Amino acid sequence: MPHTVQGIVSRAKGAPVELVDIVVPDPGPGEAVVDVQACGVCHTDLHYREGGITDDYPFLLGHEAAGVVSAVGDGVTHVAVGDTVVLNWRAVCGECRACKRGEPRYCFNTHNAAQPMTLPDGTPLSPALGIGAFCEKTLVHAGQCTKVDPDVDPAVAGLLGCGVMAGLGAAVNTAPVRRGQTVAVIGCGGVGCAAVAGAVLAGARRVIAIDLDESKLARARDLGATHTVCSAGMTEDDVVAAIRAQTDGVGADVVIDAVGRPETWRQAFYGRDLAGTVVLVGVPTPDMQLSVPLADVFGRGGALKSSWYGDCLPERDFPALLELYARGRLPLDAFVSERIGLGDVEEAFATMQRGEVLRSVVVLDGDRA
């Protein structure tokens, strides 16, 4: 029978979020219900609240989560009740043209649950990124469940569900950074710091972190950045010159834009070495426009890439990265700045906007009826 649980809902653009009752149906074919143990507060959730993604209110927010499977529907075989899972928002279909050409990381038809979760009056909810995990239980497509080691702290494991995977994957999968290369990362929030950690993991000999905020640069240093640049008060040309000054005057082999604005992309474009790589992982808003002389695109060569979810394959990447964490090679726990309750999400948005945290993580019991 359906479960009534508590969750965080955004009812209108810009309005404070609310903690309300949510009705979670029993799983249908191919679906699973997950008892959420922890869920990170990601900037994407704030984008949903602000109407920056769609206007399909009300939203059930939260998507960067880990938990335990409590029920599965017909036909589900790859996860079972009792499995610890990290939720992902790119459950590949295996049938679209990207999957069939051997590039499932670009799947164009990813799966979500067919049934809606609702308010008690029957109003359907739009789950953030098809997940909706600021909730004691959530209904997802079973393919959105990636089985992981149950001994890993769920507050740490859940961060692979979005921000950490996006940034780390931009460095390791999309670029990909090679041993001995120089890397610059523009923007050192959660995603940018994950890109710093990814560049270090890949063996970069020099990692330059760039941000307006000295406290964020301090966190980037803790994660392995070898050089930092405080860009407060700098022009675009100043930032490019600062990158070049740290790379023997030639520019970085890889520049990762974790901000996603035209000015930061241009800094990345001109701050790389000839034939270097630009990776855009920061998410621009629909109104943003980019202007770069086409002759410069041609003359500088190299690769201009965007990174979708760190170009990850959850079944491959999540367990492997958690194993590296368990062996002390990947400091994922450094991204958990604070642990909060469901009722603290609105304040966590404010804390995030002030740049005071890498991640606030909502922690739940994970076993409520």
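Reader: Hi! Which residues does Thr84 touch, not counting residues up to four places away in sequence?
Author: Hello! Thr84 touches Gly67, Val68, Thr146, Lys147, Val148, Asp149 and Pro150, where contact means heavy atoms within 4.5 Å. This is a predicted model, in which local features need pLDDT of at least 70, side-chain atom pairs count only at pLDDT 80 or more, and totals for chains, interfaces and linings use all residues. Residues are numbered from 1 along each chain as its sequence is written, and side-chain values use heavy atoms, with hydrogens and water left out.

Reader: Thanks. Is Thr84 buried or exposed?
Author: Thr84 is buried, at a relative accessible area of 11%. Buried means under 20% relative accessible area, exposed over 50%, and partly exposed in between, with a 1.4 Å probe and protein chains only. Thr84 sits in strand E6, residues 84–87. Helices (H or I, at least four residues) and strands (E, at least two) are DSSP runs, numbered from the N terminus.

Reader: Let's switch to helices. Which residues of H7 are buried?
Author: In H7 (residues 236–245), those are Val239, Val240, Ala242 and Ile243. They lie on the same side of H7 because they cover an arc of only 160 degrees around the axis, taken from the directions from the helix axis to the C-beta atoms.

Reader: And what is on the face turned away from that buried side?
Author: That face of H7 carries the exposed residues Asp237 and Ala245. The buried residues of H7, for their part, pack against strands E10 (182–186), E11 (206–211), E12 (227–230) and E13 (252–257), and against helix H8 (262–271).

Reader: Nice. At what angle do the axes of H4 and H10 cross?
Author: At roughly 100 degrees, with the axes of H4 (residues 163–174) and H10 (residues 314–326) coming within 12 Å. Axes are lines fitted to C-alpha atoms, for helices over the stretch in contact, and angles run from 0 to 180 degrees between N-to-C directions. So H4 is roughly perpendicular to H10, a label for 65 to 115 degrees; under 35 counts as roughly parallel, over 145 as roughly antiparallel and the rest as oblique.

Reader: Which residues make that contact?
Author: Met165, Leu168 and Asn173 from H4, with Arg316, Asp317, Phe318 and Leu321 from H10.

Reader: What about the phi of Ala275?
Author: Ala275 has a positive phi of about 65 degrees although it is not a glycine. Most residues other than glycine have a negative phi. Ala275 is in strand E14 (residues 272–280) and counts as exposed at 56% relative accessibility.
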